[in-house]
Amino acid sequence: ETIVETLEFNLNRQGYLTEVFKNGQQALAGLNQSNPDLIILDWMLPDMHGPEICKILRSRSVSVPILMLTGRSTPNDVAAGLGAGADDYLSKPFSSVELLARVQA
């Protein structure tokens, strides 16, 4: 919760509009209704894993860039996230400067 709130605050402060979903089902349903420019996705959600959500979104032909932002940092984790359809991968702990640079890119 704290990371999400801090992330949302920092993105809003930089002029980005944000929408937060608390679990995978909310995200999948909400993304049917919105048209985001970027999806920032955690690996560990209460009901689904981030790579599973990536695969579902990509199977729906969602081409929005997806940034995995997660505490899982082994090379196998990174490969699994990217292999599931994520465009970028950033491990926690992370620098807010680096995150904002990746969001801008």
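Predicted model: local features only at pLDDT ≥ 70, side-chain atom pairs only at ≥ 80, totals over all residues.
## Packing of H2 and H3

The crossing of the two helices is right-handed.

On the H2 side, the contact is made by Gly24, Leu28 and Leu31; on the H3 side, Ile53, Ile56 and Leu57 take part. Sorted by class, the contact has 5 nonpolar residues and 1 polar residue, with no charged residues.

Which residues of H2 are buried? They are Gly24, Ala27, Leu28, Gly30 and Leu31. The buried residues of H2 pack against H3 and also against strand S1, residues 39-41. An α-helix has 3.6 residues a turn, so residues three or four places apart point the same way.

The N-terminal end of H2 is capped by Asn23. A side-chain oxygen of Asn23 lies 3.1 Å from the backbone nitrogen of Gln25.

## Thr70 in strand S2

Strand S2 spans residues 66-70 and includes Thr70. Is Thr70 buried or exposed? Thr70 counts as buried because its relative accessibility is 1%, and the cut-off for buried is under 20%.

Setting aside neighbours within four places in sequence, Thr70 is in contact with Asp42 and Trp43, and with Tyr89, Leu90, Ser91 and Lys92.

Conventions:
Residues numbered from 1 in each chain as written. Heavy atoms only, no water. Helix = DSSP H or I, 4+ residues; strand = E, 2+ residues; numbered from the N terminus. Buried < 20%, exposed > 50% of the residue type's maximum accessible area, 1.4 Å probe, protein only. Contact = heavy atoms within 4.5 Å. Left-handed = near helix turned anticlockwise from the far one by under 90°. Nonpolar A, V, L, I, M, F, W, Y, C, P; charged D, E, K, R; others polar. Polar contact = N/O pair within 3.5 Å; in protein donor to acceptor, adjacent residues only side chain to side chain.
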